[in-house]
Amino acid sequence: MEQKVTAASIEKKSLIGQRVKKPDAPDKATGKTRYINDMVLPQMLIGKVLFAGRPHAKIVSMDISAAERLPGVYAVLTGKDAAGLKFGFVRDNVPLKEKVLCEHDEVAAVAAETEEIALNALSLIKVEYEDLPGVFSPEVGREASAPQLRDNFPDNKSLRFEFKHGDLAAAEAASDFIADDVFRPHHVTHCCMGTSCAIADFDNNGKLTIWTQTQYPYNYKMDLAPALGITPGDIRVMQPPVGGAFGSKLDVYPYEPIAALLARKTGRPVKVIYSREDEFRASPTRQAAIIHMRTGCKRDGTLTFRTADVLLDNGAYTSWGPTIPVIMMRTTSGHYRVPVVDFKAQAIYTNNPYAGSFRGYGNVQTTYATAQQMDILADKLDMDPLAFHLKNAQKSGEITPQKSFLRECVLAECLETAAQATDYSRKRAAYAAERDKPGRYKKGIGLASSIHNAGGAKIHKSDGIGTILKVDDYARVTVITGASEIGQGIDAVINLIVSEELGVPLEHVTIVNNDSDIAPWDVGVHASRTTFIAGNGTRQAARKAKAQILKAAEKMLGEPADTLELRGGSVVRDRCGTPLIKLDRLLRQMHFQAVPELVMVTDYYEPNSEPEGADHISDHSAAYSHAVHIAEITVDTLTGEIKVDKITSAQDVGRVINRMGLEAQTEGGIAIGLGYALSENMQLEQGILRNPSFRDYKLVTAPEMPELEMHFIESNCAEGPYGAKGVSELPTIVIAPAIANALFNATGVRIFNPPLSPEKVARAIYEKQQSGK
Amino acid sequence: MSLETEIKFTLNGRPVAVRVPATMKTLTMLREVLGLTGTKYACGEGECGACTVKVDGKTLNSCLMHAVDCDGRELVTIEGLKTPEGMNPMQQAFVDHGAVQCGFCMPGMIMQADYLVGENPRLTREEAQRGLEGNLCRCTGYTKVLDAVASVAEKKCCGRL
């Protein structure tokens with residue numbers, strides 16, 4: 001029963017690599033989107049948290065009676081109400097504290113009818129503290145003479161990591177040059193524009209619904225449950241739109257269980273929302289570290305070994321921050337062909353704020369060291385850094401000492417592309433020749449590169465994703481997926497892939513991914529994994545649906561399924577594009593036949609990576625990728641100010657999926673990297689943050705954004721969706737050392753403790769001039 | 001409770017009369033009294049621009065302006081840029097150029113960008129950069145924002161808008 005053919009043939013057009021708009025952009029651009037920060041529920045109370053405001057103290061007494069008596073106050077909770085509710089990586093945190101270990105320790109919380117009443121109630125809580133001597137640096141904290149912050153962690157030692165590969169003594173002996181430096185990456189914070197917020201509500205069966213900004217909804221249940229003394233199965237996670245995350249929402253932080261404890265106590269929904277100052281003080285940081293790194297090479301430029309002895313400022317509690325050596329050791333041993341590696345890292349408890357996960361997770365810190373040591377060694381060798389990098393660049397098929405299998409590796413192509421686009425070698429030599437001549441403004445060019453996982457990271461037992469896909473009677477597709485949308489643009493990628501596979505318009509795809517009671521498992525938005533993992537999951541699910549549809553079409557049209565395609569909302573003959581039946585009509589015929597058939601498929605995608613195990617040695621990602629950044633800068637040698645004139649990037653993206661989203665992620669990643677390199681710095685004095693505002697904590701603004709030239713190198717990853725690799729962390733990782741190397745090219749000075757602030761740069765230049773070098 | 005005052009003003013072309021406490025900021029009034037949550041709180045001290053609205057034709061940070069000072073004035077918020085025909089050209093340009101990621105700063109960014117192009121149809125990219133200095137964004141690196149603004153400025157300049 002072939003349909004009468006009247007329509008013109010439908011051409012095959014691929015959306016892969018095209019520019020697709022984010023489906024949520026119109027509502028966001030018109031103010032219609034209801035972010036979690038905007039949400040109000042009937043009967044909702046406002047929760048506020050009392051922070052200790054001192055880094056280390058005993059709580060001698062606390063009087064909450066006046067706060068409890070204030071009209072409009074429904075609950076006041078203290079550390080006693082949270083005793084034993086331990087949570088976190090090593091169960092070293094509780095939602096409310098009975099002892100103060102850092103400035104932002106939550107010592108009490110209030111739920112009240114309005115924010116004003118809640119704040120008034122906080123001011124009525126009387127706490128008497130006995131201040132204790134604190135630990136404010138890991139170097140001091142590890143000494144036996146330092147105050148011991150925890151009973152069960154002697155010498156304040158928290159997590160430790162080690163990795164050794166090859167004969168270090170022999171490699172050192174075989175080295176003609178060794179770079180030996182200490183790098184001190186600093187504390188910065190995420191600065192999500194939407195401040196931290198959670199809304200919690202218990203039903204009368206004891207089930208908690210929590211509206212949260214989380215970017216890992218399923219493990220989140222597991223991590224939140226012990227903070228409340230309930231089971232993960234009794235938690236429903238709702239994910240309304242959020243104002244940014246960047247890794248900061250990859251763990252449970254105390255305000256979330258506090259909202260839930262207040263909700264349980266009052267029987268009403270409770271919303272806890274941070275002010276900007278709260279956000280600066282109490283949200284996680286990027287991990288600060290002291291990295292003693294040594295890298296050796298032979299006279300011909302062959303790398304011989306690399307060692308890293310890393311001391312991490314754990315802060316008061318253990319979130320993702322002190323776990324970054326898992327990635328640090330991999331990038332230490334995988335950034336170029338390093339045959340011998342000796343890596344060790346020790347985290348030390350201090351009374352400073354504690355670090356979480358932040359875009360680039362550990363690799364920002366490592367690459368700040370490795371990429372500068374590549375430049376330092378090239379200088380010692382009197383070799384063009386480009387030639388030095390190329391000599392040591394890995395090729396496809398190589399395996400790093402830590403067992404990262406570089407299936408498709410285009411590092412050399414990235415290096416050559418970026419160098420050629422910028423005329424790197426000529427400019428570098430010319431600027432170096434100008435370095436010591438008179439003149440206030442000096443130009444510099446710097447090259448840096450890095451490696452990062454680009455196909456997820458199997459740090460849990462699973463790195464997979466579940467997808468449910470249905471196609472209704474009107475050929476509208478709903479994708480129910482574990483993949484979270486936090487602004488990064490997986491929504492556009494999913495729409496694009498469904499449209500590509502099922503030939504339906506982009507706007508006919510709906511994504512449901514904000515309710516853990518509906519959407520299936522996913523590990524969360526981290527490790528540059530979502531386009532890779534959710535992209536594969538979506539494609540597999542769409543292909544199952546397509547196979548079902550074409551099988552039905554074969555039966556109805558009498559043409560073999562393998563000669564048919566879905567295109568332009570119709571079933572067509574693949575070869576000529578002749579439309580045979582409209583897809584929605586076919587779907588209705590499938591539905592209303594004698595044996596009804598609906599299109600609703602499920603899929604589980606698990607990447608072919610290996611679990612890490614206790615020693616972290618495995619091929620833990622389904623893909624790895626490289627990026628090269630070249631920074632061109634002008635330095636005012638009088639004021640020390642660095643103006644970044646241009647950034648040229650060349651990154652292995654596997655394959656471009658949504659070009660607009662890829663550009664946007666790269667540009668935004670570079671901007672975060674620029675802030676890290678140049679201006680962002682949490683000024684901590686004895687554990688107290690001195691600059692908790694955008695006035696004093698300086699983000700990159702529009703006028704400071706340099707010209708960007710981005711080259712996307714397509715290595716065509718065998719495991720990736722359509723060949724794609726994950727992309728979003730490398731742009732943040734590579735930028736700071738590129739600028740540091742450009743600074744050296746321009747002025748001959750190096751800064752080992754970012755940010756490269758005018759003060760530090762001017763001082764270094766002055767000291768160099770004084771020393772007469 | 002602090003002293004309340006009744007104020008009357010024009011909001012997105014419609015007359016409004018509300019009672020507000022003397023200490024309340026315009027941002028809070030818009031979000032919590034009038035239910036217009038498009039205007040965002042992100043710092044509360046005039047540093048980030050997320051709460052930008054137009055008052056008598058000029059943009060300002062609504063977190064710094066007392067609500068009572070709206071009396072007799074004309075306010076436009078992000079909700080007021082959209083017309084029955086659809087999005088305002090600046091909103092459309094932000095969507096088309098991929099300038100929106102998490103989108104939280106975008107209402108303020110778009111209000112300011114719309115104001116800049118309205119004031120100066122020959123706005124250059126450098127002028128747009130300077131004009132948006134007070135609007136912080138953590139997602140985009142401003143590049144696509146500036147592309148969007150440039151596209152609207154170009155159309156205005158050529159008389160196509």
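Colleague: Which residue stands opposite A:Thr634 in β25(A)?
Modeller: This is a predicted model, in which local features need pLDDT of at least 70, side-chain atom pairs count only at pLDDT 80 or more, and totals for chains, interfaces and linings use all residues. Residues are numbered from 1 along each chain as its sequence is written, chains are lettered from A in the order in which they are written, and side-chain values use heavy atoms, without hydrogens and water. Strands (E, at least two residues) and helices (H or I, at least four) are DSSP runs numbered from the N terminus. In β25(A), the residue opposite A:Thr634 is A:Lys643.

Colleague: Over how many bridges do β24 and β25 of chain A pair?
Modeller: Two strands count as paired if DSSP finds at least two bridges between them. β24 spans residues 624-636 and β25 residues 642-652, both in chain A. Their pairing is antiparallel, and the number of bridges is 9.

Colleague: Which are the edge strands of the open sheet of 4 strands in chain A?
Modeller: The sheet has mixed pairing and the order β16-β24-β25-β28. An edge strand here pairs on one side only. That gives β16 (441-453) and β28 (707-713) of chain A.

Colleague: Why is one side of β20 and of β22 in chain A left without a neighbour in the sheet?
Modeller: These strands belong to an open, antiparallel sheet of 3 strands, ordered β20-β21-β22. β20 (564-567) and β22 (579-582) stand at its edges, so one side of each lacks a neighbour; the reason is a single partner strand for each.

Colleague: At what angle does α15 of chain A run to β20(A)?
Modeller: Axes are lines fitted to C-alpha atoms, for helices over the stretch in contact (heavy atoms within 4.5 Å), and angles run from 0 to 180 degrees between N-to-C directions. Helix α15 (residues 530-557) lies across β20, β21 and β22 of chain A. Its angle to β20(A) is about 120°.

Colleague: How much area do chain A and chain B bury between them?
Modeller: Buried area is the accessible area (1.4 Å probe) that two parts lose on being put together, summed over both. In contact are 49 residues of chain A and 41 residues of chain B. Carbon and sulfur atoms carry 59% of the buried area, which is about 3,800 Å².

Colleague: Which residue of chain B forms a salt bridge with A:Glu663?
Modeller: The rule asks for a side-chain nitrogen of Lys or Arg within 4 Å of a carboxyl oxygen of Asp or Glu, and across this interface it finds 7 salt bridges. For A:Glu663 the closest N and O atoms are 2.7 Å apart, and the partner is B:Lys144.
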